[in-house]
Each structure stands twice: as structure tokens, then as C-alpha cells.
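Please look through the structure shown below. The report that follows takes up its parts in turn.

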Amino acid sequence: MANIYTPRQQRVLLIVSILVLAGFIVAGLRQYATAFLGAGILYVVFRPWFTKLVHEKTWNRLLVTILLMLFSLIVIIMPFVVLTLLLAGRVRDVAKNYDQLLKPIRKLEQSLGVSISEQVDIQSVVGQGASLVSRQLSSVLNGTLDFVVIIGLLYFALYFMFMEEEKFLAGLRRYLPFRDKTLDDLGEELRNIVNANVVGQALISIVQGVLTGLTLWIFGVSDAAFWAVVAFFLSFIPVLGTPLVWGPAGIIALSQGDTGKGVGILLVGVIVLINVDNLLRIWLGKRMGDVHPLIVLTGIVLGVPIFGITGLVFGPLVLAYFVLLIRVFARQNQRIQAEKSPAEKADSPPTP
């Protein structure tokens, strides 16, 4: 019996069926998307090491894969998880004991002779801000079972990315709807974003966190270690970063009448911390991937609400891919126009 659908209808229905099933799969796995995104990040970070050891030095593939997975777990995943849990817990404590924040604000109001805000407004702002920060920091760690599943899926995916690397890369080239040149550009953009926002930015954040913590500790600010952790996370945000930590610390010290302490913190922040941040970004940007700060900042604002803490990487990546695909679209249109005959060019409407 003949099929009631034409070949064109069959093709359209096949594509629709694939998209519908893909939608169900994405919807079902959306809470575990962090695992697959994290696996992709670690794959890009460790692929040069894997290539060097397996393809150049002919080490055992399974051994190298296991060593890289253990290294990433001990050096990257666990410290980041511990810092996130500590900071999220401390933010909750600050939200419950907001009276501690009101004291320096009241002193600042007295020194300036103005009323900044009502206590109710401050309480509301502090509570909302703490809730937002805590929710974003702990979005990956909502429960022990979920966390175990996410880590398990992450390393399960990473294992097969390395063990079946050739099939994985061939599958990407076969099924992604892009030309080889476009795929190469996308791969290069992914490496740049990961290098700039994971490897490079992690180094910058560690340096800035340590320097900020030392500065506050030297000048006698309480909880310097806690604020060093805050500075570590805020350093992922270009320009704004650590000034959100040492700036208020210096201003509060000035409002409390401790002029030397306040001026010292602000001078160290302006002269040392900002310049160290700028120099590190310039140097690492040239070595690890040159990504415009506007793309990074806008991407973080875009990505964190969607992806949680991994949005620090995938927000800028989505934005960079959007810009790249627009360039690819423009390049392909130019090539099509160049391949047209003179008669076709005369009939086609002018390009705006």
C-alpha cells in the first residue's frame, strides 16, 4: 500500500519528529544540564594535555583519562564546591543577621548628616540580595542526590569524550548543520572563551582573592578570609569585580572615623588591585584567548540566571557564538553573491 505522504512531507515530518523528541529530552534533562556543560568545559581544558600524552607520547588512553578525571575532581571541582558552599552558607547567615550591616550604614549616615534609607528598605534589599546570591551559588548543589547525579553524569560524559574522542568529534562534524570552516571557527571560539573565562579568569580570581584578603587583613578588617572568597567570585565580573569588596570596606572605615585605614584600603585597591587585574587580563588575554570585556560582562549577566554558576562561562559563550554565526551568515551571503552570474546579479535586489 502506497504511503499517503509525499517524500517532501515525509522529510518535514521526520524533522519535526526529531525536534519534538529532542525537546522532550532537553526538558527531562534540564536540571542536569550543568553536568553536560561542565563535561564540555573540562574536555576543552584538558584536551591539550590528553593530546600530548596519548597521541604524541602514546600513553595508555584509559590511564590518561582516569588521571585527568581525578586531577579535575581534586584540583577543580571539590575546591570550587567547598568555596561555593561556604560562601552560600555565610550569605544566609548575613541575611538573618542584617543588623550587623546596619551599624556601619548608620555611622555613615551620621557622618554625612543624611538619611540613606529606612531600616525596612535596607532589610528588604539585604534579604533579596542575599537570597539571590545564595540561590545562584547553590543552584548546582540543591541536594546531595542531585549533586551526586550531576557529578556522575559529568564524569560519565567526560570519560566517553576522551575514550571515544575520534567518534565524538566525527559525530559533531557529521550532524551539526555547519560547514567545516564554520565548525573550525566555532571550535576556536569555544577554546578562546574557555581559556579566557575558565583557565585565565580562574588564575585572575585566585590572585585577586588572595591580594584582597591580604589587604583587608593587613588593615584589620574583620572576616578578611570570608571577603577574600567573595572577591574570588566577584573577580569573574570584569571592571566591577573586587572594587565591590574593598571599595565599601574603605568607605565604611572612613565613615567610622578611621581615616588612615580607609584611605589605605582605597589606595591599595586603586593603585595595586586594579592595576594587577588589568595587567593580568591583558597578559592572559594575549596568551589564552582574546575575548572582548563587553562580551564577557554582558554574557555573565545573560548566562548566570539561565545556567547558574556555570553561566560565568556559558553566558559569554552563547553571546560569542551569536556574534560569530552572524559573521558566518554574512560571509556565506557574500560568497553566494560572488558566485552568481552577471545576469543573476542584475536581477537580484541590491544588498542593503
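Arg61 is partly exposed, with a relative accessible area of 21%, where partly exposed stands between buried, under 20% relative accessible area, and exposed, over 50% (1.4 Å probe, protein chains only). This residue lies in helix H3, helices being DSSP runs of H or I with at least four residues, and strands runs of E with at least two, numbered from the N terminus. Leaving out residues up to four places away in sequence, Arg61 touches Phe50, Val54, His55, Phe162, Met163, Glu165 and Glu166, a contact being heavy atoms within 4.5 Å.

The side chains of Glu166 and Arg61 meet in a salt bridge at 3.1 Å, N to O, a term that stands for a side-chain nitrogen of Lys or Arg within 4 Å of a carboxyl oxygen of Asp or Glu. This pair links distant parts of the chain, with Glu166 in helix H7 and Arg61 in helix H3, 105 residues apart. Glu166 is partly exposed, with a relative accessible area of 44%.

## Basis of the model

This is a predicted model, in which local features need pLDDT of at least 70 and side-chain atom pairs count only at pLDDT 80 or more, while totals for chains, interfaces and linings use all residues. Residues are numbered from 1 along each chain as its sequence is written, and side-chain values use heavy atoms, with hydrogens and water left out.

## Overall make-up

The secondary structure of the protein comes to 14 helices and zero strands. Of its 352 residues, 34% count as buried, and among contacts between residues at least 6 apart in sequence, 69% join residues at least 24 apart.

## Other salt bridges

By the rule given above, the count of salt bridges comes to three. One of them joins the side chains of Arg47 and Glu165 at 3.1 Å, N to O, and this pair too links distant parts of the chain, Arg47 in helix H2 and Glu165 in helix H7 (residues 165-175), 118 residues apart. Glu165 is buried, with a relative accessible area of 3%, whereas Arg47 is partly exposed at 30%.

The side chains of Glu56 and Lys52 also meet in a salt bridge, at 3.2 Å, N to O. Because they are four residues apart in helix H2, Glu56 and Lys52 are separated by about one helical turn.

## Nonpolar core and surface patch

The largest nonpolar core has 31 residues, of which Leu42, Tyr155, Leu158 and Phe162 touch the most other members; such a core is a set of buried Ala, Val, Leu, Ile, Met, Phe, Trp, Tyr and Cys residues joined through side-chain atoms within 4.5 Å. The largest share of this core, eleven residues, comes from H2. Leaving aside neighbours within four places in sequence, Tyr155 is in contact with Leu42, Met69, Ser72, Leu73 and Ile77.

On the surface, Trp49, Leu62, Ile66, Leu70, Phe71, Ile74, Val75 and Ile76 form a nonpolar patch with about 710 Å² of accessible area together, the areas coming from the Shrake-Rupley method with a 1.4 Å probe, and for residues only the protein chains shown count as cover. Patches are made of residues with over 30% relative accessible area and no salt bridge, like charges being joined within 9 Å and nonpolar side chains (Val, Leu, Ile, Met, Phe, Trp, Tyr) within 5 Å. Helix H3 (residues 61-96) gives the largest share of the nonpolar patch, seven residues.
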